[in-house]
Structure formats: structure tokens, C-alpha cells
Amino acid sequence: MGQSQRRGLPRAGGPSQGAGERRVCRTEVRAKPAADGAGREGEEGEGVPDLPVESHLPSRPFLQSFFVDLATSGPMVLDVLQRIKAEQDPSLSYRRSCREGICGSCAMNIDGLNNLACLKPIDNDASRPSMITPPSHVRRQGPRPGNGREYRQSPAERKKLDGLYECILCACCSGACPEYWWNPESFLGPATLLQAYRWVSDSRDEYTAERLQALTEDRDKLHRCRRVGNCTANCPKSLDPEKAIETMKQEHLYPSFLRPLHSTLSV
Ligand code: SF4
Ligand code: SF4
Ligand code: FES
């Protein structure tokens, strides 16, 4: 059996704690097959048959223990998770990006409190385990995608997000918008609206109609934009909030079969 097929399974004989090692617990993202089809808390994996990796897709999350030598690890929880992923279990999955407490990607529940794994030092008290789980009720917890693994997107659908996801929320655009100067209570402004369009245009999102409804229940929120274009001229990332706003207006006002015609006529 190849290495890739063993992903998600404990090493032979299960983990053992050595001198100077620290026990770290986390929620496994891939359950081992059990007699009743459900993952069980605390299982060590003995007797698990060698099966293709697809057979280990999760039915329910469960906890798994890892032992890490803190003397040779970085000081933060994220450092320890990175080390587990690199040396013990490449199937360990979590989000992280900046490693500087900026992006918020690595938010997780650490020893009972929500925190950022890149800013939270790992507990040095080796007499008790560190418990690391996802923050509940935050991530999508509804039905799984059709193939059970990922929300798929065509290259053309993915391309629609270019020019949107790069926004750094600096608000240079909103600060340059005359409509926002005079109507900050009613008009959402280009920075907020470009972010809104990032989600409205994502083919994987399931709330497009609800988002458009929320953006237009008061017409000034979106339609107050007069297409002056100062926002686009002042964006240091060369993004185009004016175009994003105009496209959302069209999606709100015109049925899809009329939009190409309207775009041509209004340019
Ligand atoms: S100026 Fe550009 S990068 Fe900054 S918030 Fe506006 S759209 Fe985003
Ligand atoms: S195009 Fe719209 S959002 Fe941009 S500066 Fe002009 S009024 Fe403001
Ligand atoms: S990785 Fe960005 S906040 Fe932790």
C-alpha cells in the first residue's frame, strides 16, 4: 500500500509520548470507518483495514492525539500544527495565511477559547493535552457538496473573481467617492460594495438572491452610485469598484437575458 493511501491513519502502533514531548489534541477532519459508519472519539486506529483513501472520508469529526517535542518546535500553536502536518499527518487540514495575526484565517478553538493559532503560544505545561478544535457555528456546516469533497468551479467561473478578491479593504476608494462623502449613512460606498460583489459573483455561493435583496432593500445602499469613477481612479490595487457596482445594479434591475443588451447600450 502506498504512502498516499495511509493518509489520515495513525502510525503503526499509534502515537507514543516520549521524554520532553508534549501531547497536542485536535479534531480529525477524516473519520476512520467504524462498524456503525460513525467516527469515534479517542480511537487509536488499530485494526483499521487498508482501504483506498476515499474510504476514509469523514462521516463525523473525531479527536486524535499527537505528541510533539516542544523543545524543537516554534512557540505558537500554528507552528505546532505545521510541524504535525509536515512530519506526522499530511492530511491534517486547517486554514492559515499571513502568520502575523492579520488575516484571521487561523481562527480556531484552543483550550476552550477562540483565538488565532499564529498568535497563541502553545501551552508549555506537558502534564495536560492542548485541545484544538474548529470554532463551532462559524464555518459552513450544512450539506456537503455533490461529490462530498469540494465545491467545484469552472475556470470561467473562477475568472470572474479576478479583480475582486485582491481588495485589501484600505478604503482609498470610499474616501475618494463624492457620494460617500455626503451620504455615508445610506450609501454603502465602493469598498463595501466591491466586497459584496466578490460574493454575489461567486458561483459557489448559495445566497446570491438574498445578498442582492439585502443590498437593494433601500435603493441608496447600491443605486446611489453615480458612476463618477473616482473610486477606480484612486484604488492602489488597480481594481475597478465602479464596474463591480454597475454590474450589481444590472443584476438587480435586469433579467439575465437582457443584461448583455443593456451593457452594450449603456456604455
Ligand atoms: S481602494 Fe481598491 S483595494 Fe482599497 S478598498 Fe477600495 S477596491 Fe479595495
Ligand atoms: S463610481 Fe460610484 S462608488 Fe465610485 S466614486 Fe463614483 S459614485 Fe462613488
Ligand atoms: S494566519 Fe493570518 S491571522 Fe493567523
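These questions and answers cover cavities, a pocket and a helix in a predicted model. Local features need pLDDT of at least 70, side-chain atom pairs count only at pLDDT 80 or more, and totals for chains, interfaces and linings use all residues. Residues are numbered from 1 along each chain as its sequence is written, and side-chain values use heavy atoms, without hydrogens or water.

Student: How many cavities of 30 Å³ or more does a search of the whole structure find?
Tutor: A cavity is a set of points on a 1 Å grid over the protein atoms alone where a 1.4 Å probe fits but cannot get out. Points are joined across faces, edges and corners, and a volume is the space filled by probe spheres set on them. With the cut-off at 30 Å³, the count is three.

Student: Which element gives the largest share of the lining of the largest cavity?
Tutor: This cavity holds about 110 Å³. Lining residues have an atom within 4 Å of a point; there are 15 here, and Cys-167, Cys-170, Cys-173, Cys-235 and Leu-239 are the closest to the centre. Helices are DSSP runs of H or I, at least four residues, numbered from the N terminus, and those giving two or more residues are α3 (172-175) and α5 (190-200). The largest share, three residues, comes from α5.

Student: How many residues of that lining of the largest cavity are charged?
Tutor: Ala, Val, Leu, Ile, Met, Phe, Trp, Tyr, Cys and Pro count as nonpolar, Asp, Glu, Lys and Arg as charged, and the others, Gly among them, as polar. The lining has 14 nonpolar residues and no polar ones. The charged count is one.

Student: Which elements each supply at least two residues of the lining of the second largest cavity?
Tutor: About 80 Å³ of space lies in this cavity. Its 13 lining residues include Cys-177, Pro-178, Cys-225, Val-228 and Gly-229, the closest to its centre. By class they are eight nonpolar, two polar and three charged. The elements are α4 (178-182) and α8 (230-233).

Student: Which element gives the largest share of the lining of the second largest pocket?
Tutor: A pocket is an open set with protein on both sides within 12 Å along at least five of seven lines. This one has a volume of about 280 Å³. Of its 14 lining residues, Lys-160, Asp-162, Leu-164, Tyr-197 and Lys-243 lie nearest the centre. Four residues, the largest share, come from α9.

Terms used. Chains lettered and ligands numbered in written order.
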